[in-house]
Amino acid sequence: MLYLTVLTLHNLMRWVVLLAGLWALYRACRGWIGAHPWTSDDRRAGRWFALALSLQLLIGGVFYCLPESVAWLAWTNPETVTREPSLRFFVVEHTVQMFVALSLAHAGSALAQKGRNDIQRHRRSALLFSIGLLITFVAIPWPWSPYERPLVRLGWG
């Protein structure tokens, strides 16, 4: 029951992460290309993206600690992970990619604050948010990927 609940939350949170990331990237690109002033809404958009990724990582961490998860198998039998591509994706690649995306989102928010002018703030956040969002998109097990998962999982226990 807990397993399905956490899995469902993790699945649904992906959409929050993507929406927050797209919104932050839109605000950054709009400001950079349109030479708009850096506002508190721009700062907030980046922070929401980083917060959404942080919450997703937290939910994923809880999920990985459950005995029913693939990570549990990896911790009890690590050599299996290196031989099985699906396990390697979820336990190693997915996790590392999301840590990198989270780091880029936080860096985009932090470095934008240190920009000398508004254009530089928007440019820094646009570049870091776009790379973070791209990595996030690649790390998601989409239905068309080799490690497919449903777009929406409503398996509340």
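Author: Let us begin with the lining of the largest cavity, whose residues divide into two nonpolar, four polar and two charged. Here Ala, Val, Leu, Ile, Met, Phe, Trp, Tyr, Cys and Pro count as nonpolar, Asp, Glu, Lys and Arg as charged, and the others, Gly among them, as polar. The model is predicted: local features need pLDDT of at least 70, side-chain atom pairs count only at pLDDT 80 or more, and totals for chains, interfaces and linings use all residues. Residues are numbered from 1 along each chain as its sequence is written, and side-chain values use heavy atoms, with hydrogens and water left out.

Reader: Which residues line the largest cavity?

Author: In general, a cavity is a set of points on a 1 Å grid over the protein atoms alone where a 1.4 Å probe fits but cannot get out, and lining residues have an atom within 4 Å of a point. In this structure the lining consists of W38, D42, R43, G46, S109, Q113, S125 and F129.

Reader: Which helix supplies the largest share of that lining?

Author: Helices are DSSP runs (H or I, at least four residues), numbered from the N terminus. Helix 2 gives the largest share, three residues, while helix 5 (85–113) and helix 6 (118–139) each supply at least two.

Reader: Is A35 buried or exposed?

Author: Buried means under 20% relative accessible area, exposed over 50%, and partly exposed in between (1.4 Å probe, protein chains only). A35 counts as exposed because its relative accessibility is 52%. A35 lies in the loop between helix 1 (2–34) and helix 2 (40–65), and has a positive phi of about 55 degrees although it is not a glycine.

Key: 1 Å grid on protein atoms, 1.4 Å probe; cavity = no way out; pocket = protein on both sides within 12 Å on 5 of 7 lines; lining within 4 Å.
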